[in-house]
Structures are given as structure tokens and as C-alpha cells.
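These are my notebook entries on a structure that I examined entry by entry. I began with charged pairs and then turned to strands, cores and single residues.

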Amino acid sequence: MAYEQKCDSRNIPLPIQREVRQRCGFGCVICGLPLYEYEHMAEWASVKRHVADEITLLCDQHHREKTGGLLPKEVVSQANLNPFNLRKNVSKPYNLHFSGKDAEIEIGGNNFTCEDLGYGTAMVPVSVDGTPLIGLIIADGHLLLNLVIFDEYNNPVLHIKNNQLYYSTEPWDIQLVGTKLTIREAHRKILIEINFQPPNKVIVSRGRFLRNGVEILVRPENILITNNSFLISGCHAHNCHGGLIIGHHEHPIGGFMALGEIPRYLGSRSEALIFERESMAKNKADGSL
């Protein structure tokens, strides 16, 4: 049942916003673009209420066309019943604006930096079983970001291929607000939070990378591999092709941290979290953070 709230403010309550995003496939109902605005199909000035079923998502262009009378309300209403992204369960691709001759990727307070060393310069901060979960290529002033986020069932829910971003509509919630992309598995359960800082920096501040039974938890100050309670904090790798390399790779990648053998689906997550808390507390007490 759609959530409704009557009020004197144009600010849409957060639960209603989330319900609208879920129903509209996390993008403009006309074109699927993940950059959107909330649009009252029943004019708010007349009804002065926020009803989820009466609100839809429109990108800036289609919002302006509707406001200016170029896009009929009937077309918007029909698109709202059959949103663009839900037709194929994937969002319309969006091109990120990255460029330059050097780059930085920050993951849980650990920094990976590189500069253009010639054609095809590449960096892979995280890779599991031959699958680069995050990486980039620098060539001729072009900086190409690549990233894939899987759910617990090994289904990809977010892809960035050479700066082109698109995502599945299956997750519980997806938000792209300003430069921050957040994917949630459930209420208060973040799968990944990424802050894009064009032209050449990406910050993964929290969430988890999942692949083939490996869980890499990302916190603002550290990375924790729960399978073996392996904690990484305050590291910096520069011009290193590989970063955290886990599992078998048919084409070996040199990295600052390589873990060829790691237990799958067998690690004690609760013990790993206890270890993380104790280690971080000790580091702070020792003044190492």
C-alpha cells in the first residue's frame, strides 16, 4: 500500500521517496537516466499532500518538458505504469566524466594511486578469482574506471565499464545523489557506497565486495576480509598494478597483498568483526591511526 502524508511542506518524506524509487526502477520513468527529480503527477500546490502513487521520477530534461507543456501529463502517467528501467531490469547507462594522467582510488582509508606510464597503464586495487572488482586504465589522457559489485548469490548488481555506469533494478534501494552512489540490500544495510570525485578520484567508503564466497568489508578506516579475519588499514600503493589480489588468477597479477588460498563460506563473521574492533582499538591506542 502506498504511503501517504499530508503536510504543508514540499519536502517529500524519506520513506515516500524510497517507495517511489523502488516503484520507478531507480531512474527516470521515460528514459531511465539515474539522475532524476521527484515529480508530483497530481500538482502539489493543489492537493498539498505526498502520496507515493502520485509521485514519479523524471530526469531534468523530461521534468522541464513536462513543466513547460511539451511533455503531456498522459505520457508521464503511462510511463509511470511501465518505467523504462523495469522493462529490462537494468538502468540506462550513464557516462561518468573521468580523465587525466593520474588517478587515485581510496578504499576503506587505503589509497591506490597511479600515473600514466605509457599506453595501457592499468591498476587493479581489488580482484577475486580473476575478476577485477575495481580497476582503471589510463591511456592518452583518458581515465577509464571499471567496477563490478555482486550480491551474495554472485549476481552482478552494479557495473561500470570504461566509465559507463549501469545497475540492476533488483537491489532494495539505489540512490545517486550528487557524487555519491549508494546501494542498499535492506534498511540500514549498505551493499556499497561510492563517492565519485571527477576528474580522477574515487572513494569507496563503506560496504562490501562479494565474490565466490569471499567477503571484503569496507569501513571508512579499514578493509576487513571476514573469511580469515585479515585487516588492512592505512596502506598506500603507488604505480602498483595489483592491490588486494585474492584467489587463483589464470593470468597472475602482481600486487602489494596477494592471498592465493582463502577459506570460502567457512569463515566466522562474528569472530572477524570482534578481531576488527580489537585491532582498530589497539591501533588507536598505539597512535598508529
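**Entry 1: salt bridges.** I looked up arginine 208 and found its side chain meeting that of glutamate 215 in a salt bridge (2.6 Å, N to O). I took a salt bridge to be a side-chain nitrogen of Lys or Arg within 4 Å of a carboxyl oxygen of Asp or Glu. The model is a predicted one: local features need pLDDT of at least 70, side-chain atom pairs count only at pLDDT 80 or more, and totals for chains, interfaces and linings use all residues. Residues are numbered from 1 along each chain as its sequence is written, and side-chain values use heavy atoms, with hydrogens and water left out.

I then checked burial, where buried means under 20% relative accessible area, exposed over 50% and partly exposed in between (1.4 Å probe, protein chains only). Arginine 208 counts as buried at 6% relative accessibility, and glutamate 215 is buried at 9%. I also noted that Glu152, Glu185, Arg208 and Glu215 are linked in a network of salt bridges.

My search of the whole structure gave 14 salt bridges. One of them joins arginine 21 to aspartate 173, with the closest N and O atoms 2.7 Å apart. Arginine 21 lies in helix H1 (residues 14-24) and aspartate 173 in strand E13 (residues 173-177), so this pair ties together parts that are 152 residues apart in sequence. For the naming, helices (H or I, at least four residues) and strands (E, at least two) are DSSP runs, numbered from the N terminus. Arginine 21 is buried at a relative accessible area of 3%, and aspartate 173 is buried at 1%.

I recorded a further salt bridge between the side chains of arginine 49 and glutamate 54 (2.6 Å, N to O). Here arginine 49 is partly exposed at 25%, whereas glutamate 54 is buried at 18%.

**Entry 2: the sheet.** In what order do the 8 strands of the open sheet run? I read the order as E5-E12-E11-E10-E9-E8-E21-E22, with mixed pairing. Two strands pair if DSSP finds at least two bridges between them. The edge strands, each pairing on one side only, are E5 (94-95) and E22 (255-259).

E5 pairs with E12 (residues 164-167) in the antiparallel sense over 2 bridges, and asparagine 95 stands opposite glutamine 164 in E12. E9 and E10 are antiparallel over 6 bridges, and isoleucine 137 has leucine 144 in E10 as its bridge partner. These two strands form a hairpin with 2 residues between them, and aspartate 140 in the turn has a positive phi of about 55 degrees. E10 and E11 (residues 156-161) are antiparallel over 4 bridges, with leucine 158 in E11 as the partner of isoleucine 149. Their hairpin has 5 residues between the strands, and asparagine 154 there takes a positive phi near 70 degrees.

**Entry 3: nonpolar cores.** I defined a nonpolar core as a set of buried Ala, Val, Leu, Ile, Met, Phe, Trp, Tyr and Cys residues joined through side-chain atoms within 4.5 Å. The largest core has 50 residues, of which Ile107, Leu145, Leu158, Phe196, Phe209, Ile216 and Ile246 touch the most other members. Strand E10 (residues 142-150) gives the most to this core, with 6 residues. Apart from it lies another core of 17 residues, among them Ile12, Val20, Ala52 and Cys59.

**Entry 4: aspartate 129.** I located aspartate 129 in the loop between E8 (121-128) and E9 (131-139). It is partly exposed, with a relative accessible area of 23%. Its side chain makes a polar contact of 2.8 Å with the side chain of asparagine 212, and another of 2.8 Å joins it to the side chain of arginine 264. A polar contact is a pair of N or O atoms within 3.5 Å; within protein, one must be able to donate a hydrogen and the other to accept it, and residues adjacent in sequence count only if both atoms are side-chain atoms.

**Entry 5: histidine 50.** Is histidine 50 buried or exposed? I found histidine 50, in strand E3 (residues 49-51), to be buried, at a relative accessible area of 0%. Its side chain reaches the backbone oxygen of asparagine 11 at 3.3 Å and makes a polar contact with the side chain of histidine 40 (2.9 Å).
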